[in-house]
Amino acid sequence: MPEMPEVQAHAERLTEAFAGATLDRFRPLAFTALKTAVPAPEAAAGHPLVEVGRRGKHLLLRFEPVTFVVHLMQGGRLRPDEKQAGKPRGGQARWTFADGRALLLTEAGTERKAGVWVVEGEPDGQEPLAELGPEAATLDRTTLGRLLAEQSMRLHGWLRDQRIVAGLGRRLANEICHRARLSPFGTTAKLDEEAVDRLHAAIGACIDESLAYERTRSDMSSSKDRPGAVHHREGEACPVCGDTVRAVEYRSYTVNYCPTCQTGGKVLADNTTSKFLK
Ligand SMILES: [Zn+2]
């Protein structure tokens, strides 16, 4: 799934290309695409796109009267629509501009989870952004320490929980734990001050590195292209210490880690029923 750096760089590219273009019309192409009834998307017609912003993993297409909040989920993409076909493959919604160009939201696969919400006023605090925690990228050290203590859970799950901090996903959770030399299964409330310092630095460094990479691209990367030390690198050598990168598989994600760097050399069993993990 695209995480903060991918979505942020994409928002910047779309702003560069489309800001100032006047919306002619918005049209859902699949009945599940538009998640809101009020306000009507027609409210944006005749208005220029102010910018494409981002909150968490959502894109925000801001027009003066309303904002379109787009969540790409796993397989969604929002791209310039060169062909403007009648029934584009995976087509979910289309924004057509007065200058003849268009943006197309597509979703690969059959999950139909990507969606568009139309909101009036400041989108932050409204659905689907109402529950989001503060942005991971701008979290200060003190707030991070407080949130870790308040919501005690395993670090990997904590980092991915959008209600606690927004913008991180499976890949960055793996990379941040590795960079901070912390076990993904460690308990957040038990982290000492020095560990919180390392975690804070790792969050910033991993986001900056990924964002710098994404900004060199003309479209969103796929996960295999993204920079990293451990994510999807099971069996490879850890670039820090040379130990073998390990994996613990869950139904919808994989935790990758380096035993030497992160778990005091302990290799965690590769399933969720392990006593060690309970
Ligand atoms: Zn290592």
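Biologist: Why is Q262 called buried?

Modeller: Keep in mind that this is a predicted model. Buried means under 20% relative accessible area, and Q262 has a relative accessible area of 5%, so it is called buried. Q262 sits in helix α6, which spans residues 259-262.

Biologist: Which residues is Q262 in contact with, leaving aside its neighbours within four places in sequence?

Modeller: They are C177, H178, R181, L182, S183, P184 and Y257. What puts them on the list is having heavy atoms within 4.5 Å.

Biologist: Let's turn to T67. What makes T67 buried?

Modeller: The cut-off is again under 20%. The relative accessible area of T67 is 4%, so T67 counts as buried. You will find T67 in strand β4, residues 66-71. Not counting residues up to four places away in sequence, T67 touches L60, L61, R62, W117, V118, V119, G121 and P123.

Biologist: Now the helices. How do you know how α2 and α5 are placed relative to one another?

Modeller: Two packed helices are described by the angle between their axes and the distance between the axes. Here, the axes of α2 (residues 141-150) and α5 (residues 193-214) come within 10 Å and cross at roughly 115°. From α2, the contact is made by R141, L144, G145 and L148. On the side of α5, E193, V196, D197, L199, H200 and I203 take part.

Biologist: What classes of residue make the contact of α2 with α5?

Modeller: Five are nonpolar, two polar and three charged. Gly counts as polar under the scheme used, so G145, one of the contact residues of α2, falls in that class.

Biologist: And the pockets: how much space lies in the largest pocket, and which residues are closest to its centre?

Modeller: The largest pocket holds about 690 Å³ of space. It is lined by 30 residues, and the closest to its centre are M1, K57, M73, Q74 and R170. By class, its lining has six nonpolar, 14 polar and 10 charged residues.

Biologist: What lines the second largest pocket?

Modeller: That pocket has a volume of about 170 Å³. Its lining residues are R79, P80, D81, E82, K83, A85, P88, R89, L104 and T106. The lining divides into four nonpolar, one polar and five charged residues. Asp, Glu, Lys and Arg count as charged, so D81, E82 and K83 are among the charged ones.

Key:
Residues are numbered from 1 along each chain as its sequence is written. This is a predicted model: local features need pLDDT of at least 70, side-chain atom pairs count only at pLDDT 80 or more; totals for chains, interfaces and linings use all residues. Side-chain values use heavy atoms; hydrogens and water are left out. On a 1 Å grid over the protein atoms alone, a cavity is a set of points where a 1.4 Å probe fits but cannot get out, and a pocket is an open set with protein on both sides within 12 Å along at least five of seven lines; lining residues have an atom within 4 Å of a point. Grid points are joined across faces, edges and corners, and a volume is the space filled by probe spheres set on the points. Helices (H or I, at least four residues) and strands (E, at least two) are DSSP runs, numbered from the N terminus. Buried means under 20% relative accessible area, exposed over 50%, partly exposed in between (1.4 Å probe, protein chains only). Axes are lines fitted to C-alpha atoms, for helices over the stretch in contact, and angles run from 0 to 180 degrees between N-to-C directions.
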